[in-house]
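Hi,

Here is the structure I said I'd pass on.

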Amino acid sequence: MAGPSLTFRPLDASPFGVLVEIEPCDLSAAVARFLEASDEITHALNEAGGLMVVRGLSGLRNAPRELVKISKCFGPDVENYRETLTAERFFHEEVPEVLVLSNMPPCNHPPPPRPEPLLDEEGRFPVQFPQRANWHTDQSYRRPPPDVTLLFGVAVPPHDQGQTLFADCTAALQALEPEVRAQIEGLSGLHAPSWIGRRPQDVRAGVAPKPLLAHQLPQSQPLVRVHPATGKPALYICEEAQMDHLEGPIEGLEPGPDGQGAVLLRRLLAHATRREFVYVHSWREGDLVIGDNRCLLHAATWFDADRYPRLMWRTTVSGHPGAEYAGEAKSWVPEEGAAPMQGMEDA
Ligand SMILES: [Fe+2]
């Protein structure tokens with residue numbers, strides 16, 4: 001069919017991932033082409049280990065609803081953030097399926113701290129936990145968790161700041177020592193929002209955990225998830241701030257920030273974020289980056305928030321979490337009369 005051409009090629013300087021380029025054209029033609037090719041696009045995403053960078057959709061910056069439309073390529077449900085466990089300052093004022101990540105008001109979301117040194121002794125950008133903090137998958141404190149995240153760069157700082165890192169947890173699991181792999185098969189992690197007093201630093205400081213409604217409780221997720229489209233198993237973990245260090249982080253292992261569970265979690269994070277599993281995305285305005293939460297970790301990095309505005313739009317798509325979650329109700333739906341974030345207004 002006539003229309004702008006799509007090209008697919010491996011991402012430069014990355015062990016995984018695919019770059020999709022849409023021939024320059026107006027936004028409506030680019031979106032139509034993307035939707036028409038949705039089978040090819042999702043196949044390419046799965047083949048590339050769950051990471052895709054799309055160039056040629058920069059017109060989305062004036063059309064957030066088109067981002068929602070495109071998101072439907074990746075699953076049946078584009079999530080409405082007013083219904084998930086999300087603080088109000090992240091809401092897009094017109095499109096509730098779009099989450100706003102920005103250092104500007106009203107979001108005021110700061111970047112992670114500047115690592116010291118910014119580069120390692122070989123002049124490389126540190127990527128591995130714990131030198132690199134903040135590795136997570138999106139909203140893993142809900143069950144089933146969201147499948148795929150789309151991140152669109154509306155305004156970005158210079159190329160060498162505010163990168164987003166992605167780690168291939170399928171490859172990481174394959175490379176895990178057999179005895180550790182045997183140990184984690186069948187184990188589950190306990191995931192929790194960072195604002196409910198269950199981070200390691202909260203537990204160490206004796207912070208009283210926040211009282212929670214049923215739909216806000218920490219959620220158990222298997223350490224090894226099988227991807228529903230590829231059948232490949234992948235590590236599924238989050239960094240410490242998004243795991244419950246009061247009763248977890250690993251169910252059935254000694255709890256607490258210094259317990260056996262936390263030791264295992266830190267070991268798995270350090271393994272999964274080894275340089276050979278990581279892609280560093282340096283943003284250009286108008287980039288759309290798609291990451292599969294079922295098989296990737298990702299992390300934001302520092303930028304100079306006093307000098308540069310950064311504005312990202314995010315959507316998450318759900319509906320195909322895998323066989324472990326078959327037939328399950330959504331954990332985050334409140335009982336009648338309650339608000340999703342009730343009691344969490346300071347998040
Ligand atoms: Fe994220």
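Below is what turned up, starting with some ground rules.

This is a predicted model, so local features need pLDDT of at least 70 and side-chain atom pairs count only at pLDDT 80 or more, while totals for chains, interfaces and linings use all residues. Residues are numbered from 1 along each chain as its sequence is written.

Strands and helices are DSSP runs numbered from the N terminus (E, at least two residues, for strands; H or I, at least four, for helices). Two strands count as paired if DSSP finds at least two bridges between them.

**The open sheet**

β12, β7 and β14 make an open sheet of 3 strands, in the order β12-β7-β14, with antiparallel pairing. β12 (278-281) and β14 (296-300) are the edge strands with a single partner each, so one side of each has no neighbour in the sheet. On average, neighbouring strands here are turned by 20° against each other, direction ignored (axes are lines fitted to C-alpha atoms, for helices over the stretch in contact; angles run from 0 to 180 degrees between N-to-C directions). β7 (residues 164-168) is joined to β12 by 4 bridges, running antiparallel, and T164 sits opposite H281 in β12.

**Around β3**

Strand β3 (residues 51-55) is largely enclosed by the rest of the structure, because 4 of its 5 residues are buried (20 or more other C-beta atoms within 10 Å of a residue's own; 12 or fewer is exposed, in between is partly exposed, and C-beta atoms are placed from the backbone). β2 (residues 18-22) runs parallel to β3, with 4 bridges between them; L19 is opposite V53 there. With β13 (residues 288-292), β3 pairs in the antiparallel sense, again over 4 bridges, and M52 faces I290.

Most residues other than glycine have a negative phi, and most peptide bonds are trans. Here are the exceptions I'd look at.

- R143 and P144 are joined by a cis peptide bond, omega about -5°; P144 is in the loop between β5 (99-102) and β6 (148-155).
- P249 belongs to the loop between β11 (233-235) and α7 (260-272).
- N134, not a glycine, has a positive phi near 90°. It lies in the loop between β5 and β6 and is partly exposed, with 19 other C-beta atoms within 10 Å.
- Q139 has a positive phi of about 45°, and is not a glycine either. Q139 is found in the loop between β5 and β6, and counts as buried with 23 C-beta neighbours inside 10 Å.

Cheers
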